[in-house]
Amino acid sequence: MDSSLYLMSSILFGVLTIALLILIIRSINGAVKVTEVESARSLTMLKIASVPVLWLIITGALGFSGFLLEFQSVPPRIFIVIVPPILLLLFLMRSKKVGVWLDIRPRGRFIGIQTMRIVVEIILWMIFMADVIPVQMTFEGRNFDILVGLTAPIIVYLMARKKVSDKVVIVWNVLGLLLVLNIVVVAILSAPLPFRQFMNEPSNTVVAYFPFVWLPSFVVPVAYYMHFLSMRQILKH
């Protein structure tokens with residue numbers, strides 16, 4: 001393993017995660033501004049903003065401790081950091097308060113944030129070059145997620161000038177979700193799980209380590225959250 005390259009990619013990934021956290025907290029701040037009572041605003045902001053912060057602390061601690069490295073257990077321990085964000089998404093998609101928030105958010109905001117997937121793909125390529133993950137998890141293999149990051153600014157530009165229809169944006173979001181699903185499946189089948197399919201080494205164990213545990217527990221959920229919220233916003237109108 002190339003230790004210097006791995007360290008560089010770890011730092012870059014940590015910076016990306018914190019940047020996403022700040023963006024989310026700012027968005028939460030924009031959401032609570034619709035609350036009429038000033039005292040309730042600060043209290044709600046504190047409660048909601050604490051959720052992603054605590055989640056990063058908990059998952060980071062699990063990754064740092066090595067607890068998630070048991071891939072042969074049933075269910076595998078790594079699922080502990082994968083399932084809760086999915087359950088939260090189900091709640092957010094049904095929440096009326098989220099619907100009110102979507103009414104006041106610029107339509108391109110949820111799409112523009114997807115440009116972060118370019119950085120994610122570069123980081124994955126770096127740790128592949130450091131001999132930490134298998135090639136199929138990068139754009140040299142079966143990961144085409146970088147296409148979403150590259151096209152996101154184009155979609156935002158066209159939306160701002162009203163040169164793209166809502167149907168096209170929804171199709172783009174659906175394709176983006178399919179690409180997320182593709183790399184999630186590839187990553188799972190590359191891990192040393194009982195049903196592993198990709199047998200080339202190294203196996204995908206990096207997601208159980210700090211800071212890359214934040215990839216399945218935070219960064220990937222942000223990606224598919226933005227797709228779902230974008231589509232809900234469009235369909236709501």
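Which residues lie nearest the centre of the second largest pocket? They are Val-180, Ile-183, Val-184, Pro-216 and Val-220, among 32 lining residues. The model is predicted: local features need pLDDT of at least 70, side-chain atom pairs count only at pLDDT 80 or more, and totals for chains, interfaces and linings use all residues. Residues are numbered from 1 along each chain as its sequence is written, and side-chain values use heavy atoms, with hydrogens and water left out.

**The pocket**

A pocket is an open set of points on a 1 Å grid over the protein atoms alone, where a 1.4 Å probe fits, with protein on both sides within 12 Å along at least five of seven lines; lining residues have an atom within 4 Å of a point. The second largest pocket has a volume of about 570 Å³, the space filled by probe spheres set on the points. Its lining divides as follows.

| Class | Lining residues |
|---|---|
| nonpolar | 27 residues |
| polar | 2 residues |

Nonpolar means Ala, Val, Leu, Ile, Met, Phe, Trp, Tyr, Cys and Pro; charged means Asp, Glu, Lys and Arg; the others, Gly among them, are polar.

**Helix H9**

H9 gives the largest share of this lining, 8 residues. Helices are DSSP runs (H or I, at least four residues), numbered from the N terminus. H9 has 23 residues. Of these, 19 are buried, meaning under 20% relative accessible area with a 1.4 Å probe, protein chains only. H9 bends by about 30° at Pro-221. The bend is the angle between axes fitted to the seven residues ending there and the seven starting there.

Technical notes
Helices (H or I, at least four residues) and strands (E, at least two) are DSSP runs, numbered from the N terminus. The expected span of a helix is 1.5 Å times one less than its number of residues. Buried means under 20% relative accessible area, exposed over 50%, partly exposed in between (1.4 Å probe, protein chains only).
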